[in-house]
Amino acid sequence: MVSKELGRGALRFEHQLVIDPTVCDGYGYCVELLPSNLIFDDWGYPIIKERYVDDEHLELAYRAVKLCPKLAFRVNKIRGR
Amino acid sequence: MMLSILGTQIMWYVTRSSGFIALLLLTMTVVLGVSSAQKVKVGKIPRVYFAELHRSIALFALVLLAIHIFTAVVDPFTKLGWTTAFDPFGRTYRPLYLGIGVTAFDLLLAILVTSLLRDRLKQRTWKKLHFLSYVIWVFAVVHGLGTGTDSHYSFALAIYGVCLLAVVISVWVRILDSETKTSLLRFSAYALTLFAPFLLVLWTLSGPAKSSWSKRFVPNVSSSHVKSVTSPSEREAGE
């Protein structure tokens, strides 16, 4: 989701979830921390439901980056549209 | 004079108790780490809670270790310098078992640093280093039994026993559960986890569990002010 409007000309950033499926081992920490963005597939691996992270969930997203045992979960900060 | 005796005793009490608590916390860290790696699920509790707990308890153990080392160094009876905190060699006070403890602490710091900088390392490098935790835990137990003046008390032996059981059981579950079919690795893991606790128990019974163990160590320092202070350990072990 696009971050809040900050006024004309202000830089906006979006935070996008990225999961490397070749590395992911299905520990599931990211899904447990971000149920608003991720769901489990039938084998316990994460599926991205919503790629963009709300500001209110950002802290949890970075928590998941820190805790992912395989370093398969990332948050990319990109210039907003 | 009176004050200095009280002072050394207080330091020694804090060193001993913080050491025991640090060992219990390290044991919890190992058990939580092993079970997280096993993807253990307890009821409806999210697994991420255990991963968080593993991190926080490990950091808590480091705080306790900082207290443990600080009071041990400050204690005038032990005659330790500040380099003792990191340098495992050349101690005046129970050199071998103190050195093992210092080595464990150094390795623990290595694990702390690599875990904090985990995103800058290869995941496999970090993981290999993290396997040192088992060594650290064994060193911590040997250090506690060997250095501690409480080792012959049943409460101390009970604490060590509980810690040993907890770690051995969780490691066995991990081996039984592991997908590694490399038979050599599996076999050596089994052999090690059967043999090492057995050796540890034998050694404990032959040494630290005897009340004479703590009397054997007298620091080889001839300074008169040290002599005038009766050591808490001697007092406990003797008289």
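How many salt bridges does the rule find across the interface of chain B and chain A? The rule finds two salt bridges there, and the legends below show where to look. This is a predicted model, in which local features need pLDDT of at least 70 and side-chain atom pairs count only at pLDDT 80 or more, while totals for chains, interfaces and linings use all residues. Residues are numbered from 1 along each chain as its sequence is written, chains are lettered from A and ligands numbered from 1 in the order in which they are written, and side-chain values use heavy atoms, with hydrogens and water left out.

**View 1. Chain B is built from helices.** Chain B has nine helices and zero strands; helices (H or I, at least four residues) and strands (E, at least two) are DSSP runs, numbered from the N terminus. Buried residues make up 44% of the 239 residues in chain B, where buried means under 20% relative accessible area, exposed over 50% and partly exposed in between (1.4 Å probe, protein chains only).

**View 2. Chain B meets chain A.** Each chain brings 15 residues to the contact, and contact means heavy atoms within 4.5 Å. The area buried between the two chains is about 1,300 Å², with 48% given by carbon and sulfur atoms; buried area is the accessible area (1.4 Å probe) that two parts lose on being put together, summed over both. Val48(B), Arg118(B) and Gln123(B) supply 38% of the area that chain B buries against chain A, more than any other three residues.

**View 3. A salt bridge links Arg63(A) and Glu52(B).** Their closest N and O atoms are 2.4 Å apart. A salt bridge is a side-chain nitrogen of Lys or Arg within 4 Å of a carboxyl oxygen of Asp or Glu. On the side of chain B that touches chain A, helix H1 (2–37), helix H2 (47–74) and helix H4 (123–130) of chain B each supply at least two residues. The largest share, five residues, comes from H2(B).

**View 4. Leu23(B) sits in the largest nonpolar core.** This core has 40 residues, and Leu23(B), Trp137(B) and Tyr160(B) are among those with the most contacts inside it. A nonpolar core is a set of buried Ala, Val, Leu, Ile, Met, Phe, Trp, Tyr and Cys residues joined through side-chain atoms within 4.5 Å. H6(B) gives the largest share of this core, nine residues. Leaving aside neighbours within four places in sequence, Leu23(B) is in contact with Trp137(B), Ala140(B), Val141(B), Tyr160(B) and Cys163(B).
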